[in-house]
Amino acid sequence: MVESKSEKSQLNPDYLVAQIDLSAVIHNCNILRKFASKKCKICVAVKCNAYGHAIDVILPALKKANVDMLAVAAIPEAMQLRDLGWMRPILLLGSEFSIYAGRQKYEIAEWLIENQVRITAMYKEDLDALDAAAKRLGKKVVVHLMLDSGMGRMGLDEQKVLQLIDAINGLNSIDIEGLYTHFSTADSPDKTFSKYQLQRFDDFIKELQSSGLNIPLIHAANTPAAIDLKESHYDMLRAGIAVYGYQPGTQMYNKPDLKPVMKLISYLYAVKQIKKGGYAGYGNTWQATEDTTVGLVPVGYGDGYDRRLSNKGKMKIAGILVPVVGRVSMDQTILDLTPLLQKNIDVHPGMEVTIIDNDPKAPNSIESIAQQLQTIPYEIITKLGPRIKRITLKEER
């Protein structure tokens, strides 16, 4: 029987699911607030689809947590936030606006102004385009300036920031709302360079104040500085990885009680026997030393499950850890089900598999996987692909 179009539209396969715990998001935001003064605002970075957690799923929790501002890396991310109904301030961290030219630049400028997106200004040409668009709209442009205090990425040195301020002073439609910097080593136990950056930033603030310029929103603290460097808090914290439940570094002085937000699950979709001496996966990198029952899980490096976990990763079935055997493929990973059989557990297709656990101590947690691969949690979570369906914990399959 052929299904109608209406019947097909109701199909919603979810064989690969990231369960998002919104209560954990709120918990983590509240933990970060405890580090700051009552007057200190909270800005949460939601770039790269909320660090791979899906901004549309995460956003209600950020609203409930009463977050003051959201930060994005790209203009389309700001557009998505406004489409989703976020009405509070948005800070554009990158200088993507500088890429555009001609009519496209003016159209984008108008959208940014109409939607009150705070732009990180770097170039006089961008200011001129923003000023022209603002005059056409009869509105103001709100910008933040960034001092490069030593990271050598975004931002300008003191002299160029001063030049930019002079340029803005000649443009009546542009208001400077914020000044910020970014730490490069705040997650290190050695705070020497972070304190150098902080001193440089402090000195520049004093220079501006002595010239009569008092910028209302000063911010410097990224997640590790928010946790370990209280003197960097100023008027606002810019929180990122901790909001999603992961420690910003392995050697932090303070390790707050964060709750990982994501649990990644799937299901066995095949169970089969490998005879003694047989192989599993590309390259014959794993050989059965005895007759072995294996299971296939529909997740692979195409979904962000790293190929470097071949023959060393672990997943969990029925509360028991089972090893990854053979190479991780683009769409499939093979598991040795022997630990389940040793517990007399019947194995069959449809059994739930915990690919990534939200228990930070588990061998298949985000932080454990990051340590195993000698990388950082940021890389693991932001690589998770679009075939993974992000749902809130309370949503039913």
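Author: Tyr196 is partly exposed, at 40% relative accessible area. Here buried means under 20% relative accessible area, exposed means over 50%, and partly exposed lies in between, with a 1.4 Å probe and protein chains only. This is a predicted model, where local features need pLDDT of at least 70, side-chain atom pairs count only at pLDDT 80 or more, and totals for chains, interfaces and linings use all residues. Residues are numbered from 1 along each chain as its sequence is written, and side-chain values use heavy atoms, with hydrogens and water left out.

Now the partner. Phe193 is partly exposed too, with 33% relative accessibility. The structure holds four aromatic pairs. Phe193 and Tyr196 form a tilted one: 5.4 Å centre to centre, with 40° between the planes. Rings of Phe, Tyr and Trp (its six-membered ring) pair if their centres lie within 6.5 Å; planes under 30 degrees apart count as stacked, over 60 as edge-to-face, and the rest as tilted. Both residues sit in helix H9, residues 192-210. They are three residues apart there, so about one helical turn separates them. Helices (H or I, at least four residues) and strands (E, at least two) are DSSP runs, numbered from the N terminus.

Helix H9 also supplies Phe201, which pairs with Tyr234. This pair is edge-to-face: 5.5 Å centre to centre, 90° between the planes. Tyr234 lies in the loop between helix H10 (223-228) and strand E9 (236-239). The pair therefore ties together parts that are 33 residues apart in sequence. Phe201 is buried, at 0% relative accessible area. Tyr234 is partly exposed, at 24%.

Other rings deserve a look. Tyr51, Tyr244 and Tyr378 form one aromatic cluster.

Last, the cysteines. A search of the whole structure finds zero disulfides, a disulfide being a pair of cysteine sulfur atoms within 2.5 Å. Cys40 is in none; its nearest cysteine sulfur, that of Cys43, is 11 Å away. Cys40 counts as buried, at 4% relative accessibility. Cys48 is in no disulfide either, with the nearest cysteine sulfur, that of Cys43, 16 Å away. Cys48 counts as partly exposed, at 39% relative accessibility.
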